[in-house]
Structures are given as C-alpha cells and as structure tokens.
Amino acid sequence: MEYVNYIAIGCSIAAFGLSLIACARVGKFVKATAETDWETLANLTGDIAALKRTCQTLNNRLNGMNKATIPQEQIIQQMLEHQNVEQIRRGG
C-alpha cells in the first residue's frame, strides 16, 4: 500500500506543475491582448468572416469540378463531333 501513496504524491506534483504552466500561458495571453480594443476585435471578426466565405466558395468550386454529371468520355466525344461540324461548315 505504500506505493499507492507515492503514486498519489507523484500525481499531485504533476498536477501542480501543469497548473503552473497553465497560469503562465494565461498570463502571457492577457499581456498579449491587453491593448486590444473593441474596434480591432470587430475588424478581426469581419476578416475571419470574409476568409470563411472565400474558403466555402473555393470548396464549392472544387467539389463541383470533382462531381461531373456527364462522363468524361461523353464530353470528349461531343467535343470531337462539334469540331467535325465546324469543319464541315467552313468547307474544310
């Protein structure tokens, strides 16, 4: 049963150390954001919204390119037929 006490003391020391690290990180964050005002925050929020819309538009375009409703062979065949019709109209 003595090893259980050592494990408990070790866990307590580890928890205390992790809480010190967390406090240091929170302090660093508070110092970094001390001069941030509401106008800057509003500008950042607007910029993030614009980036989100841009990403969504790009993803929608990429998804549209990947999901062709007409098989690629059929598109190539129609393109070749269209070229043949244009050559006949031009007299070539």
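**Reading burial, helices and a nonpolar patch**

Trainee: What share of the 92 residues of the protein chain counts as buried?

Mentor: Buried means under 20% relative accessible area, exposed over 50% and partly exposed in between, with a 1.4 Å probe and protein chains only; in this chain of 92 residues, 0% count as buried. This is a predicted model, in which local features need pLDDT of at least 70 and side-chain atom pairs pLDDT 80 or more, while totals for chains, interfaces and linings use all residues. Residues are numbered from 1 along each chain as its sequence is written, and side-chain values use heavy atoms, without hydrogens or water.

Trainee: Which residues make the nonpolar surface patch?

Mentor: M1, Y3, V4 and I7 make this patch of about 480 Å², where members have over 30% relative accessible area, no salt bridge (Lys or Arg nitrogen within 4 Å of an Asp or Glu carboxyl oxygen) and nonpolar side chains joined within 5 Å. V4 lies in helix α1 (residues 2-32) and counts as partly exposed because its relative accessibility is 39%.

Definitions and conventions. Patch = residues over 30% accessible without salt bridge, like charges linked within 9 Å, V, L, I, M, F, W, Y side chains within 5 Å. Areas by Shrake-Rupley, 256 points an atom, 1.4 Å probe, with all protein chains shown as cover. Helix = DSSP H or I, 4+ residues; strand = E, 2+ residues; numbered from the N terminus.
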